[in-house]
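Dear colleague,

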Amino acid sequence: MPRSGLAAALVTMLCAAACGGSRLPPSDPQMKRGLELYSDNCLVCHQASGGGVADLQPALMGSSKVAGDQATVVRWVLLGSEAEQAVAGRRYQNVMPAFDHLGDEDVAAVVTYVRQTFGNGASPVTPAFVAATRKASGSR
Ligand code: HEC
């Protein structure tokens, strides 16, 4: 990683520890990377607005899973819906793929982006937290 990237990552981690549930500015490196990743990987299903598409995939806007427990949403993104959804029957026609091919920094960035953007400023997630959750969930 170039030095500037390392410095940015450090600032992000410090902010994640210190800033709690407050809103990160759009210029924050995790938010910028998160927006890129969301646009490339999630937008096609969950839409730019986070509003989802009726019957196909849920809205992320206003979702208690997005804004709730960090480990739950990180596990969900790593493992996808087949692995993680409750057995109570499928509410949506689409299936969400696993995103365990993304690295810890990228998962942290996209989860932080959706929590901040669609989750009313829910707390950012650090790459270290993603790494620990990945290990605990038996994911790659
Ligand atoms: C192929 C379409 C598709 C893509 C791409 C996709 N998702 Fe999903 N997502 C779904 C579906 C379908 C569900 C609901 C699955 C269910 O509950 O059975 C879902 C559910 C979710 C949930 C849980 C919402 C709730 O309230 O239960 C989160 C969080 C989420 N997706 C985040 C993401 C993120 C972040 C990305 C990109 C890294 C992403 N999704 C990419 C289809 C997709």
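**Overall architecture**

Read from the N terminus, the elements of the protein chain follow the order α-α-α-α-α-α-α. The protein chain thus contains seven helices and zero strands, where helices (H or I, at least four residues) and strands (E, at least two) are DSSP runs numbered from the N terminus.

Please note that this is a predicted model, in which local features need pLDDT of at least 70 and side-chain atom pairs count only at pLDDT 80 or more, while totals for chains, interfaces and linings use all residues. Residues are numbered from 1 along each chain as its sequence is written, and side-chain values use heavy atoms, with hydrogens and water left out.

Of the 140 residues in the protein chain, 38% are buried, a term that means under 20% relative accessible area (1.4 Å probe, protein chains only). Among contacts (heavy atoms within 4.5 Å) in the protein chain between residues at least 6 apart in sequence, 59% join residues at least 24 apart.

**The iron site**

His 46 (NE2) and Met 96 (SD) coordinate the iron atom of the ligand at 2.0 to 2.1 Å. Donors here are N, O and S atoms within 2.8 Å of the metal (3.2 Å for Na, K and Ca); water is not among the atoms, so sites may look incomplete. The arrangement is octahedral because the six donor atoms around the iron atom subtend angles of 85 to 180°; for six donors, this term requires opposite donors over 155 degrees apart and all others between 65 and 115. The pair links distant parts of the chain, 50 residues apart: His 46 belongs to helix α3 (residues 43-46), and Met 96 to the loop between α5 (70-84) and α6 (104-117). Both His 46 and Met 96 are buried.

**Helices α6 and α7**

The axes of α6 and helix α7 (residues 127-136) come within 8 Å and cross at roughly 110°; axes are lines fitted to C-alpha atoms, for helices over the stretch in contact, and angles run from 0 to 180 degrees between N-to-C directions. The two helices, α6 and α7, are therefore roughly perpendicular to each other (65 to 115 degrees). Asp 104, Glu 105, Val 107 and Ala 108 in α6 meet Pro 127, Val 130, Ala 131 and Arg 134 in α7.

**Met 31**

Met 31, in helix α2 (residues 29-41), is buried, with a relative accessible area of 9%. Beyond its neighbours within four places in sequence, Met 31 contacts Leu 24, Pro 25, Pro 26, Thr 112, Tyr 113, Gln 116 and Thr 117.

With kind regards

Conventions. Tetrahedral: all angles 85-135°; square planar, octahedral: opposite > 155°, others 65-115°. Buried < 20%, exposed > 50% of the residue type's maximum accessible area, 1.4 Å probe, protein only. Parallel < 35°, antiparallel > 145°, perpendicular 65-115°, else oblique.
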